[in-house]
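Open the model in your viewer and keep the selection panel at hand. We will go stop by stop, picking a few elements at each one.

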Amino acid sequence: MPTLLRSIISGHLGQIILILAGIIVAVYLGLNPSPTTTNPLDLVSDTMAAAAAVKFLTVPSVSKHTATVIFVHGLGDTGHGWKPVADMFRADPALAHVKWILPHSPIRSVKANMGMEMPSWFDIYSFGFDTDEDEMGMLQSARLINQLITTEVESGTDPSRIVLGGFSQGATMSLLTGLTGERKLAGIAVLSGWLPLRQKFKAMSSQHASSIPVFWGHGSIDPLVKFQFCKDSSDFLVKSLGIPLLTNTNEFKGLTYNIYDGMGHTTNQRELDDLKTWITKAIPEDVRPST
């Protein structure tokens, strides 16, 4: 296995059994609803709001910083697991202006995994598709990720120069955070993910959700987040949220939908190359004349 992909899967945690056990849980994640709410942050308590900010790894830009990618890891991983990708992308002159922020999820007990503690953006209650989702945990993590976006904006980076993305559980958090947030981002990248809280997501989505570009990549033989999850989720973006499906590769808007034959619950060089091309279009080098 190439070093890059091995790094992504292991996350440098050195706890292979724990990670694999946690990742296996993802196959049982459904898209089943919880009671409706119109505001994704209404259920977050004052105690959660006062919690410490999420920890993260920063990979600085090579040249002058004019854009940022916030990339969210999956279950059992940390931000370190995706640093090799950030390093690879920033080596491309077309992305030398991009800073990467790689957050680390809280450590929490995962009920469906015998209560074992591991890095996880939200809890998983039970095996099987007929299960509730940890809405509170999702909303808490969405708030933490949104704090990173707020910090970038307050530091001078316009939301139109910020891409939010993630892998698996992190991709799910990117959809929830990016499509329900108050700011219109440059784009959202979804690798091997699924849409959470599907029956209430439309009511939660922001007024500009339909105009945010989305990159979606998924393996055709993913045994964990199965292809049907991908299909149902991407169909929801198009049919329920009104995000247009991109048909002209010369344009950059709507949903860029990519299925990779023979790929499981991981990434490969084809997907990473496609993602890099997409990010280059989403946050191109700032060519405005200096003053």
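**Stop 1: α4 against α9**

Select α4 and α9: the crossing of these two helices is right-handed. This is a predicted model. Helix α4 covers residues 83–90, and helix α9 covers residues 269–282. Their axes come within 11 Å and cross at roughly 55°. An angle of that kind makes α4 oblique to α9.

Now show side chains. On α4, pick Val85, Met88 and Phe89. On α9, pick Gln269, Leu272, Leu275, Lys276 and Ile279. These residues make the contact. Colour them by type: 6 are nonpolar, 1 is polar and 1 is charged.

**Stop 2: the sheet**

In what order do the 7 strands of the open sheet run? The order is β1-β3-β2-β6-β7-β8-β9, and the pairing is mixed. Go to the edges next: β1 (56–59) and β9 (255–260) each pair on one side only. Neighbouring strands are turned by 15° against each other on average, direction ignored.

Zoom in on β6 and β7. Select residues 162–167 for β6 and 187–191 for β7. The two strands pair in the parallel sense, over 5 bridges.

**Stop 3**

Select α8, residues 227–239. Helix α8 packs on the sheet and touches β8 (214–219) and β9. Its direction makes about 165° with that of β9.

Return to α9. Which strands does α9 lie across? They are β2 (67–72), β3 (98–103), β6, β7, β8 and β9. Compare directions with β8: α9 runs at about 180° to that strand.

**Stop 4: α5 against α6**

Select residues 135–154 for α5 and 169–180 for α6. These helices pack at an angle of about 70°, with their axes 9 Å apart. That angle makes α5 roughly perpendicular to α6. Their crossing is right-handed.

Show the side chains again. From α5, take Met138, Leu139, Ser141, Ala142, Ile145, Asn146 and Ile149. They meet Met173, Leu176 and Thr177 in α6. By type, the contact residues are 7 nonpolar and 3 polar, with no charged residue.

**Stop 5**

Select β4, residues 107–110, and β5, residues 116–119. Parallel or antiparallel? The pairing is antiparallel, over 4 bridges. Arginine 108 stands opposite methionine 118 in β5. Now follow the chain between the strands, where the hairpin has 5 residues. Stop at methionine 114, which takes a positive phi near 60°.

**Stop 6: confidence**

Colour by pLDDT to finish. The protein has a mean pLDDT of 83, and 78% of its residues reach 70 or more. Then select residues 6–51, where the pLDDT is below 50. Beyond near neighbours in sequence, this stretch has 105 contacts in the model. Where pLDDT is low, predicted coordinates should not be read in detail.

Note on methods
Residues are numbered from 1 along each chain as its sequence is written. This is a predicted model: local features need pLDDT of at least 70, side-chain atom pairs count only at pLDDT 80 or more; totals for chains, interfaces and linings use all residues. Side-chain values use heavy atoms; hydrogens and water are left out. Axes are lines fitted to C-alpha atoms, for helices over the stretch in contact, and angles run from 0 to 180 degrees between N-to-C directions. Angles under 35 degrees count as roughly parallel, over 145 as roughly antiparallel, 65 to 115 as roughly perpendicular and the rest as oblique. A crossing is left-handed if the near helix is turned anticlockwise from the far one by less than a right angle, and right-handed if clockwise. Contact means heavy atoms within 4.5 Å. Ala, Val, Leu, Ile, Met, Phe, Trp, Tyr, Cys and Pro count as nonpolar, Asp, Glu, Lys and Arg as charged, and the others, Gly among them, as polar. Two strands pair if DSSP finds at least two bridges between them. pLDDT is the predictor's confidence in each residue, from 0 to 100.
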